[in-house]
Amino acid sequence: MKVKLVTSLCVVCLLSLAACETVQPWERGTLAKPEMQLSEGLDSPLYHQVYDSKEASSGGSGAAGAGCGCN
Amino acid sequence: MAKPNPFLALSTAAMALPAFAAPQPVETIVAIKATTYQEEDVPQRDVLAGSDERYKIDIAQFRLLTPVGEKWSLGVDVAYETMSGASPWGTIMGADGEASLIMSGATIRDKRTEVSLTATHHGESRSISVDLASSDEDDYEARAVSISGEWEMNNKLSTLSLGMSYSSDDIEPTDALRFGRVQREEKISRSLSAGWAQVLNKNSVVHVGLDVTDHDGYLSDPYKLRDVRPDEKLEWALSLKYRRYFDNQNAALHLDYRYYNDDWGINSHTFHTGWHQNFGDNVRVVPNVRYYSQNEADFYRGTDDFGLATTINQSSDFRLSGYGAYTLGVKLIYSALQWDVSLSIDRYISDKSYGHDASDQSHPALLSFNMTSFGLNFRF
Amino acid sequence: METYQFNFQAMGCPCELRLAATDRSLANEVAVICTSETQRFESKYSRYLTDSVTSRVNNASGLHPVTIDPEVAAILDYSGVCYVQSEGLFDITSGVLRQLWNKNMRRLPTDSELEFYLDKVGWKKIEISANEVFLPIKGMQLDFGGVVKEYVADVLAAKARSMGIEHGLINLGGDICIIGPQPDGTPWSIGITHPTEGNSAIAVIELSEGAVTTSGGYERYFDIDGLRYSHLINPETGWPVEGLLSASVAAPTSIVAGSLTSIALLKTPEDGLLFLEECATPYFAVDQQLGCHGNLGEVCHA
């Protein structure tokens with residue numbers, strides 16, 4: 001089940017890459033809007049802290065940060 | 001749909017010209033956030049002994065991001081938390097045949113301070129960062145260092161990011177002698193991460209990420225009456241993020257998914273979706289939903305068995321049980337040119353039946369919480 | 001500290017540098033660097049010089065792509081944003097339409113003549129990659145006249161500042177970029193030329209920083225059958241526009257101020273004023289009836 005899931009996710013990624021268009025620099029205004037960003041300010045560390053302390057599957061966000069005492 | 005101000009659009013575009021170009025962020029950003037988090041009390045009937053009060057946490061966050069010279073930028077993050085409330089010490093079978101909690105007595109538990117410093121060097125189409133972080137509380141100390149880089153390619157339509165980090169944590173449980181807890185233990189964590197961000201068209205972007213982490217050392221919970229976990233854990237996670245803007249609605253859709261798997265037998269799915277709706281030029285409302293589901297760890301037990309040998313891995317920690325959870329939230333943001341203010345409210349509920357692979361018994365410590373945050377950002 | 005003035009001719013207009021320095025030789029050095037930098041831009045972008053990048057690209061129209069450097073690419077990108085922000089009115093390929101509308105033409109163009117030239121107009125037709133530009137239809141022409149002169153004013157001001165000049169201004173044919181206020185700290189008084197009475201000012205602006213540019217349809221017009229036509233052509237219809245008589249905008253950079261005034265003048269007077277209001281930056285505009293609008297500067301004679 002795990003292998004199938006990972007495979008299908010990879011297929012989705014490759015398909016979306018194939019669907020890429022060239023975006024000219026003067027068309028990039030929308031991508032720069034705050035609501036189009038991949039992460040927003042202090043929300044990331046806050047929610048990581050909140051969920052890491054009660055879920056088994058913490059971290060894995062690529063962001064560095066010292067842990068807390070919530071083994 | 002609110003039309004963008006042509007003056008702002010042209011000014012932003014002009015910044016790319018050689019006479020004005022600066023490769024690093026030209027503005028200084030200051031952000032502060034105050035959050036109050038409150039878990040709901042455990043139902044009385046589920047508590048065998050100790051307090052039924054769960055955690056209440058107040059969090060203050062501060063961030064400063066500023067350019068230094070022409071090619072460098074510096075970031076400082078400070079977080080300060082105060083926590084109070086009781087925590088589960090153990091789970092045993094109650095007289096009614098249902099699992100019951102033994103809770104600690106409620107005490108003003110702890111304060112935690114976390115500081116991190118990041119220095120970034122900006123090149124033509126790549127940046128490298130080094131981050132040092134440290135976290136301190138009465139019984140816990142963590143130090144971490146990480147290095148990461150980002151490379152822009154394909155006319156800045158693709159971004160590759162790579163990172164690695166190392167952290168060393170020390171735990172010295174309070175009242176160690178009195179309760180027969182371990183006195184001082186260590187844990188080392190090392191991780192590698194890779195990510196790829198791809199612009200699909202002028203309205204959408206997708207991100208794929210892979211993280212692998214290895215934990216080595218004392219991984220058990222010293223405050224539990226009976227908790228023995230392996231001294232090593234290897235985990236990996238795959239994440240996907242999608243952002244799409246809708247011109248006609250003047251809104252953006254966020255879709256995030258994360259799959260996690262480790263060698264303790266746990267795998268989990270996290271889905272998060274939000275609708276970022278703009279009203280005019282200044283207001284944005286973001287209703288959002290998060291769904292989380294995990295199965296139980298190999299050595300998870302619904303109730304503690306104090307007769308079991310302590311050389312066998314065992315834990316009744318609800319965080320290792322099979323359960324699911326929903327978070328419903330809404331965020332309201334008001335922005336002006338140089339500052340913005342936000343308010344967000346979240347409600348979280350969890351239950352074993354929400355999960356994709358629930359444990360046999362519902363853990364009485366599965367909780368609900370409410371959280372409210374107020375934030376301010378300044379740009380200059 | 002004294003203010004030294006240097007005048008020269010470049011890019012088809014009178015240019016003026018006002019540089020304040022305690023040391024005359026520093027002012028001279030800065031002036032020399034500024035004039036040579038201006039000449040570098042002119043050699044590179046002028047469509048009249050056969051060796052310029054513009055001419056090489058125009059001569060290769062319909063034939064093959066031409067390699068461009070990052071500076072040209074950045075200016076093209078910026079021109080693209082102008083095209084989008086002006087909703088298609090500001091188009092650096094529209095210069096070919098001047099063949100139909102100029103002092104030597106004694107009559108209005110025919111429909112087929114318009115069609116012939118309109119076929120060669122259209123920003124979206126240009127093929128641009130990271131380091132190449134290709135004009136796919138033979139006869140297409142790029143004209144950076146609406147972008148480069150204003151950009152040069154910003155470049156010269158930045159250059160002067162980097163060489164230690166703190167007070168002064170750059171004036172390239174009416175496109176003004178301030179290096180810093182006058183030596184005594186007071187702002188510079190800048191006059192906006194009266195649209196119909198060339199020697200006097202219709203308004204005076206006080207500026208200590210930033211830039212101000214003025215665009216006017218009044219300087220280069222021509223008459224056909226007793227009717228006056230502007231030299232500004234609408235790239236979609238192929239016809240001259242009937243817009244404001246002049247527009248001036250104050251902004252942090254000369255290139256942005258220049259784009260805003262150019263775009264404002266390509267619209268009808270009502271749309272032009274709406275556009276200037278929408279930009280929320282100080283402006284001054286004069287309509288066909290010599291009525292004055294805007295909050296920039298003191299009107300002294302209308």
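## Helix packing around α3 of chain C

In this predicted model, α1(B) and α3(C) are roughly antiparallel to each other (an angle over 145 degrees), because their axes meet at about 170°. Residues are numbered from 1 along each chain as its sequence is written, and chains are lettered from A in the order in which they are written. Local features need pLDDT of at least 70, side-chain atom pairs count only at pLDDT 80 or more, and totals for chains, interfaces and linings use all residues.

Two packed helices are described by the angle between their axes and the distance between the axes. Axes are lines fitted to C-alpha atoms, for helices over the stretch in contact, and angles run from 0 to 180 degrees between N-to-C directions.

| Helix pair | Angle | Axis distance |
|---|---|---|
| α1(B) and α3(C) | about 170° | 9 Å |
| α1(C) and α5(C) | about 150° | 10 Å |

In the contact between α1(B) and α3(C) (C-beta atoms, placed from the backbone, within 7 Å), B:P6, B:A9, B:L10, B:A13 and B:A14 meet C:D77, C:Y78, C:V81, C:C82 and C:Q85.

Just after α3(C), C:E87 takes a positive phi of about 55°.

Helices α1(C) and α5(C) are likewise roughly antiparallel to each other. Among the residues in their contact are C:V30 and C:I33 of α1(C), and C:V148 and C:V152 of α5(C).

Conventions: Helices (H or I, at least four residues) and strands (E, at least two) are DSSP runs, numbered from the N terminus. Angles under 35 degrees count as roughly parallel, over 145 as roughly antiparallel, 65 to 115 as roughly perpendicular and the rest as oblique. Two residues are in contact if their C-beta atoms, placed from the backbone, lie within 7 Å.
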